[in-house]
Amino acid sequence: MRDLAGRLGYLVLAATAVAYLAVYATGLGRLPTAFDYLSILNTTLPLVFVAIGQSLVVLTGGIDLSVGGTVSLCVAVTAVAVTGFEQLPLVLAIGTACGVVNGLIVAAGRIAPILATLATLPIFTGAALWVLPVPGGSIPPQIRAVLTNPDLPTGLIWLGLAVAGWLVLRRTRFGMRVYAIGSDAGAARAVGVPVERVTFGVYALSGLCCALAAVFYVSTTTAGDANAGAPFILTSIAAVVVGGVAFTGGRGSAVGAVAGAAALALVIDVLFFAGIDPLYQALFQGLFLVVAVMLGSLAMLLRRAT
Amino acid sequence: MRRVLYAFGAAGGVLLLGTILHPGFASWPSLQAMLVVASFTGFVAAGQMLVVLVGGIDLSIPWVLNGAAIMLTTTALGQPGRLPYALLVALAVGAAAGLANGLGVAWLGVPAVVMTLGMNGVLQGLSLGLSKGLTCATCGSYAPEPLRGLFPLGALLVWAGVALLVTVVLTLTTFGRRVYAVGVNPRAAYLAGVGVRGVTVALYTLSGVFAALAGVMLVGYGGQPSLGLGDPYLFESIAAVVVGGVSILGGRGHYAGVVAGALTLVAVTTFLQAQRVPEYGRLMIYGLVILVILLAYGRTRAHD
């Protein structure tokens, strides 16, 4: 029972995976093939990256609504300007720059995170529209072959690297400080944690994660769209929540958020194979979100009672 | 109260700048058109402000609005005689959604972001599913005439009525004092005998009603509902609340400021359209304006 809420993401993911296998098997009379798993993996990767960045921000007690704009801008730049691997650092630099702007406004400007990122969201989205006014663009096949190869599970490598990166990060001084700020910013400040610098870093990392997500997005869809990022605002928050990261900060992990993102992606497939009218999809996703979180808080209550 | 004055200053500043560059920008016909557009933001922002006052947030506004709009036209079927009943049904949908939000937040302890985000999805699914993607037999109905005849002056009177009601309830009633008490410090309010949960549920319910009212007014204005009608109003409602000087942390703010906030946002957009600024520029300048206003009077205190 210890810290069940923190493991919520894995439990929900396990339950969703079982449901997925069940409806797939009863619907098609066989188990999913490697191709099915690979397509789920490749389409989930963008959300996985945004969710990792979002979870870092939420761990400090903040929220990043501008992920929609940052992903859109980086998708636009990727689709327009990337002709080979040598341009990828440019995309990552632009995403990080967006995050740096957020970090400056939140940490130095002392504006509540939800408001700061609400204001930068249209700014980044506008920039994306300026770069790519109509959907289009392309991605070089050699990048696609390395990032989201449709035949080889290259996505697993990147997923593994992302998770490994987080596991290293949380054990660094920076990672400790992220948790310290989220648990109690005042206490963290009192023991000498540079709260402003860490907060700044967290938003910059969220921007970098958005850039990575954008590259994977263009790699999977093979084209860009200046509005591609908008859905990630609410889905990344949902992934973080289902992943058991507490909105008050200081509790949870990015790996939980990765599990949350995977669970959200699987739910769509579960609904599809269960033969649910796609028009009702949002209904079940909404219920899934609320029920998953209610189970989490119920577990907390039980823990407190025993 | 100082922030309310700042909010009106911001609205006045934008209107003044508009008049200098476009003579007639703040003339009555142009102002009236802007006020009508601002009233929709004003309605959703009334609800958003109420939940923000107790430190909450309502992300279910887009599809509460859209669902109520569809409910109104499919119930009224374009017949003036059915309008009162349809109005009741549409507002009841909003109240029910808001009530569910409030119960989830106050009694089940679900974080407001999660509860209202989930509710938004639930209502989106129900709206799309039950109306078969807005292709049902009655989905082509128009809003009945009395409602459409409200525009422009009648609609502004409705907004004025809402503004008066919200202001009176918040400043002159016990309920209003309780709202601010809960917003400033829920624990202290609870110890002082305020029914924190009851107040919270009432505010989320009201937010649902106001979102539904915005949906009703929008179909009255446009004639027919569309899918995604409410989408722009999620972030717009939060922006209007904040530009209006309401503290996002709760406990501070007045609806008068939110009225000015809604007008500021619409005036900025109208001005940029008049300047023929392309869409990307409009979005960027809109964001920058909110940012400047936030830096001017939306900052939290320094931690020294």
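I take helices (H or I, at least four residues) and strands (E, at least two) as DSSP runs, numbered from the N terminus. This is a predicted model, in which local features need pLDDT of at least 70, side-chain atom pairs count only at pLDDT 80 or more, and totals for chains, interfaces and linings use all residues. Residues are numbered from 1 along each chain as its sequence is written, chains are lettered from A and ligands numbered from 1 in the order in which they are written, and side-chain values use heavy atoms, with hydrogens and water left out.

**Entry: B:T73**

I looked up B:T73 and found it in helix α3 (residues 61–76) of chain B. Is B:T73 buried or exposed? I count B:T73 as buried because its relative accessibility is 0% (buried is under 20% relative accessible area, exposed over 50%, partly exposed in between; 1.4 Å probe, protein chains only). A polar atom of the B:T73 side chain lies 3.2 Å from the backbone oxygen of B:I70. I then listed contacts (heavy atoms within 4.5 Å). Leaving out residues up to four places away in sequence, B:T73 touches B:G78, B:S141, B:Y142, B:A143, B:V219, B:G223 and B:P225.

**Entry: A:T120**

A:T120 sits in helix α5 of chain A. I count A:T120 as buried because its relative accessibility is 1%. Its side chain makes a polar contact of 2.7 Å with the side chain of A:N102 (a pair of N or O atoms within 3.5 Å; within protein, one must be able to donate a hydrogen and the other to accept it, and residues adjacent in sequence count only if both atoms are side-chain atoms). The A:T120 side chain also reaches the backbone oxygen of A:T117 at 3.3 Å. Beyond four places in sequence, A:T120 touches A:S66, A:V101, A:N102 and A:I105.

**Entry: chain A against chain B**

I find 38 residues of chain A and 40 residues of chain B in the contact. The two chains bury about 3400 Å² between them, 82% of it on carbon and sulfur atoms (accessible area, 1.4 Å probe, lost on being put together, summed over both parts). On the chain A side, A:R110, A:L115 and A:L279 lose the most area to chain B, together 18% of what that side buries. I count two residue pairs in polar contact between the chains, both at pLDDT 80 or more. Helix α5(A) gives the largest share of the chain A side, 13 residues.

**Entry: confidence**

Chain A has a mean pLDDT of 91, with 98% of its residues at 70 or more (pLDDT is the predictor's confidence in each residue, from 0 to 100).
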